[in-house]
Amino acid sequence: MPAKRHSKASVAGQDGLLLLQSQALAQEEAAKAKQELLTRFLKDKLAKEQHSSTLNLHKLNVQWQAILREAKAKELRQDIEILSQTFARVMDCKDSVIESLVTDLEEAEEQHARALRSHVHNIDHLLQLQSCRLACLEDGYSAQLSAMQSEFEAERYGGG
């Protein structure tokens, strides 16, 4: 019987060994599964972090562009205000030049009208003088003609 006991003890030892090996294998597989689960969790967390980082970077860029746009708009508004003031000054200057030219034109038209009236008056006076002179010359001519006719008639009837 000792051989049976030995074989029973040996089978029991082998069973114990097999049980220990299977438990070790199960623990190893559980550890491997736990490691894979941890790896998958960390990969998922890394992917989420990368996605969040990309999204936050996009949001940051959008906000930064909005800030830059606002700064540029403010700068452009200031430029427009300066240009508007400059334009208003130039327009005021041009308006004053136009007013000055209108005044000069009115004065020149007034001078022209005075000169024209004076010229017309002088021409009328010259025409009047010429008419008087012509009348005097006609009277002189008529007097000379009458005198010559009288003289001719006197010679014709008296001396002839």
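First, the overall picture. Keep in mind that this is a predicted model.

The protein chain has 1 helix and 0 strands. Its radius of gyration is 66 Å, well over the 15 Å that the globule rule gives for 160 residues, so the chain is more spread out than a compact globule. Look along the principal axes. The C-alpha atoms fill a box of roughly 225 × 35 × 10 Å.

Now the surface. Of the 160 residues, 0% count as buried. The accessible surface of the chain is about 14900 Å². Carbon and sulfur atoms account for 62% of that.

Next, one stretch from a record. UniProt, in an unreviewed entry, lists residues 91-118 as "coiled-coil region". In the model, that span is 100% helix and 0% strand. Its end C-alpha atoms lie 40 Å apart.

Back to the cysteines. The structure holds 0 disulfides. Cys132 is in no disulfide; the nearest cysteine sulfur belongs to Cys136, 6.6 Å away. A disulfide needs the two sulfur atoms within 2.5 Å. And the opening question?

Last stop, a nonpolar patch. Ile123, Leu126, Leu127 and Leu129 make a surface patch of about 370 Å². Take Leu129. This residue lies in helix α1, which covers residues 2-159. Leu129 is partly exposed, at a relative accessible area of 45%. Patch residues must have over 30%.

Notes:
Residues numbered from 1 in each chain as written. Predicted model: local features only at pLDDT ≥ 70, side-chain atom pairs only at ≥ 80, totals over all residues. Heavy atoms only, no water. Patch = residues over 30% accessible without salt bridge, like charges linked within 9 Å, V, L, I, M, F, W, Y side chains within 5 Å. Areas by Shrake-Rupley, 256 points an atom, 1.4 Å probe, with all protein chains shown as cover. Salt bridge = Lys/Arg side-chain N within 4 Å of Asp/Glu carboxyl O. Helix = DSSP H or I, 4+ residues; strand = E, 2+ residues; numbered from the N terminus. Buried < 20%, exposed > 50% of the residue type's maximum accessible area, 1.4 Å probe, protein only. UniProt positions renumbered as here; feature names shortened; annotations may be inferred. Rg over C-alpha atoms; globule rule 2.2 N^0.38 Å.
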